[in-house]
Amino acid sequence: MDRLRPRERLVFSGFIDTEIEKLESLYAEYGELSVNRDFCQKVAKGFNRSAGRAGKPVLKWAEVQSWFQRRTQYRSDKPTPPSKNDKEINLSPDVSNLAACPDASDPKKANGTDQVHKEGEKLRDLLEIEFEARSARDGAWYDVERFLSHRFASSGEVEVRVRFVGFGSEEDEWVNVQSDVRERSIPLENWDCRKINVGDVMLCLQERKDQAIYYDVQISEIKRKMHDIRGCRCIFTVEYIHDKSEENVRLRRLCRIL
């Protein structure tokens, strides 16, 4: 069974239609608060887990913030009836640093800070969360298209029947919810190499002549190198947890387990 989940880091080329619809919906609900950094980070994280972004470039929170800022600017720039007393146009205030620099003397601003955090937490309910599951056939992890049903095993643990992305019903499997289902791991950017330490458990693309699939690994050694125009050149020695084999890999083959 040859399963491949491409996770190439491509150059950002814009939002897809469903993401634009979601951005419009979020802006309509949260308005100028949507440019807050924490808010944008949660939106980007939700988009990167969605099925629509599978195989597409990873979104950065700054790209989401830029969209909200342009949307705010567009609304502020709409024509308004001229006034003799108006000598300049005052744009809406930038609240991107609201959480970091609240004005304690203004109760309305202080309450606004709490509101940003509360609304940010609601995003997990608003945005679709993607999952990955471990196949019993080969011990590798694959993206879940949907959960079909659930049952209780004789041990009392919950199992779910999953359909993997890109595969038909003949590949459906029952998997243990606690040990074999988790939120979809995400690719790393070039600068994320600094956050990786020896002992970390990550997801790694194992490339072979006949297949390329994802397994859990533990980082056993890191050789830090200067980055160049190609990006991160560091080398990571990983030990595959399922068979204890070792391999040297580049950052592009690693994903962060959430």
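**Helix α1**

At 1.5 Å a residue, its 14 residues should span 20 Å, and the end C-alpha atoms are 20 Å apart, which agrees. The expected span is 1.5 Å times one less than the number of residues.

The model is predicted: local features need pLDDT of at least 70, side-chain atom pairs count only at pLDDT 80 or more, and totals for chains, interfaces and linings use all residues. I number residues from 1 along each chain as its sequence is written, and side-chain values use heavy atoms, with hydrogens and water left out.

Next I looked up burial (buried is under 20% relative accessible area, exposed over 50%, partly exposed in between; 1.4 Å probe, protein chains only). In α1, the buried residues are E19, L23, L26, Y27 and Y30. Seen down the axis of α1, the buried residues fall within an arc of 100 degrees, so they line one face of the helix. I took the arc from the directions from the helix axis to the C-beta atoms. An α-helix has 3.6 residues a turn, so residues three or four places apart point the same way. The face turned away from the buried side carries exposed D17, T18, E21 and A28.

After α1 comes G31, with a positive phi near 60 degrees.

**Cysteines**

I searched the whole structure for disulfides (a pair of cysteine sulfur atoms within 2.5 Å) and found zero. C204 is in no disulfide; its nearest cysteine sulfur, that of C255, is 8.4 Å away. C204 counts as buried because its relative accessibility is 0%. C255 is in no disulfide either, and C255 is buried at 1% relative accessible area.

Terms used:
Helices (H or I, at least four residues) and strands (E, at least two) are DSSP runs, numbered from the N terminus.
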